Amino acid sequence: MSVEAREARQPWILLSPALTAIFLLLFVPLLFIVVYSFWLRTSTGADQVGFFLDNWREALSDAFYRDILLFTLKIATITTLVCAVMGYPAAYVIARSKGNKALLLLLLMLPFWISYIIRTMSWINILGVSGALNTALLWLGVINEPIQMLYNQTTVILGLVHFLLPFMILNVFVSLEGIDTNLEDAANSLGATRMQAFWQVTLPLSLPGLAAGGLLCFVLGAGTYITPLVLGGPGDAMFANLVFEAIITQLNWPLGSALSLMLLAVLGALVLIYNRYLGMAQLMKGLG
Amino acid sequence: MTKKIDNTTRYERLRERYMNGDLDRRSFLGLIGAAGLAYGVQTPFAKYANAATVSQVRFDGWGGVVSEALRENAFDPFEAETGIKVVDGTFGGADEYISRVKASQEGEYNIAHLSGVFDYARYHNLGLSTELNEDNIPNLEYVIPKLIDVFRAVTDGKLSCVPYDYGTTGLAYNRKYISDEEMQEKGANILLDPARKGKIAGWSDWRTRMWYAALQTGQNPNDVTDEEACWDAVRAHRDLLLKYWGSGAELMSLLAEEEIHVTEGWSGRIYALQEQGHDIGYMDPPNGFGWQECMFVLKGSPMEACEELLNFMLAPETAIAVAEGQNYPPALDPTKVDLGDKIPTLPAFDPTGKLDGLTFADPEYWNGHEQAWSKEFGRVQKGY
């Protein structure tokens, strides 16, 4: 075998375990879901095998699903923006810190050591009627009776930000770490203020990280169902909750499959649009 | 005589040969890979070969104090006596559990703590039932006959379960904010009291919602004639609600933390709260939701081991200890068995063993509406 042929094969050999895993654990189950989405649920709860478009017709034409989908995208967008605003300064501080960077990174990783569900439920102990915040406010005499802070849209966003913020910080941090600090010094030496150097040099160069973090936060936020379940009220259900209910509560796997594919298609389309206009390749090209 | 060696010894010998240089790296890795492949291929079929020697039984129930009571008073002593391990899991409801069973291989799940004859009928209609050999469960003689008969009626005189306990889903309220007199006066309509907006909760279970809506609209829960009025009541309740709870633990937390003042709740869980010192009242309104729970054996389970466990669980000393732990009266007939001091004080307990005072869900009626009503509630629940 020629050297060229061997070199051409090498990436595929290295990629083959990952590709096999993706094929078996993602692609094949996805195919099952596609097939399921064309079946029907009978009144006993059993599935009727065949090719029926009923689930797709219902998922695409029913305003109920459309409204919840729009609500989901809204919550994911707000969460992503909040994560970006809160995450960037934190990532900047970590990237520019001297000496205690390892400690700050360790602190950033700490939440991952605790289950996401437990982290979400911890808000009940903080914001609940008998929670830490109400107790403190009552003790300080700021309020006379506990404030109802839980089980609304704000607590859902709060829970999501709590969950997703580390992802944003890590992405931005990696991007900032890769920027040569001499560039900022060069800008300063050419007469730019520290703020101007940040806006015109550092921020544009770190945009790929911000964009990658934003995409990750958005996709993870739009696909969550635990947070609205634990911290949301009756009107705060997100699209993944509908999938959960169709499959688990109503035992309607075919409809649940159609709904999950619908969410996948919408998020997939958004990722494609993002890559087309904001993708890292485009950003790098623009910066180049 | 040939000495049998286990897989660990085989691996150790192979590794030793490799380390000694008797085996090249390629052959060593090839043999390890082949062993892994052979194990992977045979594993799905191994259960048939292993079926003759049952070493464990899987049990799934409602978690919390109920699971703790079963583990401590039934499973641990059973394991000590028989050597058969009981692996216990939990679920939030029979709907969720049925999805797991559907996604599993036959025999993976064995015994489920099902609630209501409607679930028994549903599982049977899905082809998940078995036929118990009642000769292996002599302790069935202590069970209230009425509880057994309703199950027999569903499965042509046979049994796929043993009745185990019963209880009610009544009204639970915080006495600090709501008096017993007010509860007696308002009954199920307390859940529609606008003055308590934001301090009301409810179970996210379509049956319970429709049952209480029937009570709130003055209808028979087992024969609703004005369905739209019921949905209006469900919507009115939703608009006053702080949260739909999804598990017994969440119900207890909401009441204990005083996030809510009133909800409907499971009798045993409310009793547990009272035992913990919380001043929570409990009331079954007229036609309140009664239910009987059973231990259902799923298709593909090791029958003799399951029957042995069920018989052990029904032994009066075990059933009484479990009942005292989980705070639901056992299915044992109080006219045949002395149930001790605590059980007669539990909510829903019937000393006659006839259970005439409880209204149970008609399985045919409720399962007939399951598809439409569960879907409709899914929408109403979210503000539609």
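These questions and answers cover domains, a helix pair and a chain contact in a predicted model.

Student: Which elements of chain B each supply at least two residues of the side of domain 1 that touches domain 2?
Tutor: The domain assignment of chain B gives domain 1 as 56-166 + 291-364 and domain 2 as 167-289. Their contact takes 19 residues from domain 1 of chain B and 18 residues from domain 2 of chain B. On the domain 1 side, the elements that each supply at least two residues are helix 3 (64-82) and strand 4 (161-174) of chain B.

Student: How many charged residues does that side of domain 1 of chain B have?
Tutor: By class, 10 residues there are nonpolar and seven are polar. The charged residues number two.

Student: Are helix 9 and helix 12 of chain A roughly parallel or roughly antiparallel?
Tutor: The axes of helix 9 (residues 194-222) and helix 12 (residues 253-277) of chain A come within 11 Å and cross at roughly 170°. Angles over 145 degrees count as roughly antiparallel. Helix 9 and helix 12 of chain A are therefore roughly antiparallel.

Student: Which residues of helix 12 of chain A meet helix 9 of chain A?
Tutor: Helix 9 of chain A brings L215(A), V219(A) and A222(A). By class, this contact has six nonpolar, no polar and no charged residues. The helix 12 partners are L267(A), V271(A) and Y274(A).

Student: Which element of chain B gives the most to the side that touches chain A?
Tutor: The contact takes 25 residues from chain B and 22 residues from chain A. Elements giving two or more residues on the chain B side include helix 4 (94-103) and helix 5 (117-125). The top contributor, with five residues, is helix 14 of chain B.

How values were computed
Residues numbered from 1 in each chain as written. Chains lettered and ligands numbered in written order. Predicted model: local features only at pLDDT ≥ 70, side-chain atom pairs only at ≥ 80, totals over all residues. Domains from an automatic or database assignment. Contact = placed C-beta atoms within 7 Å. Helix = DSSP H or I, 4+ residues; strand = E, 2+ residues; numbered from the N terminus. Nonpolar A, V, L, I, M, F, W, Y, C, P; charged D, E, K, R; others polar. Axes fitted to C-alpha atoms, helices over the stretch in contact; angles between N-to-C directions. Parallel < 35°, antiparallel > 145°, perpendicular 65-115°, else oblique.
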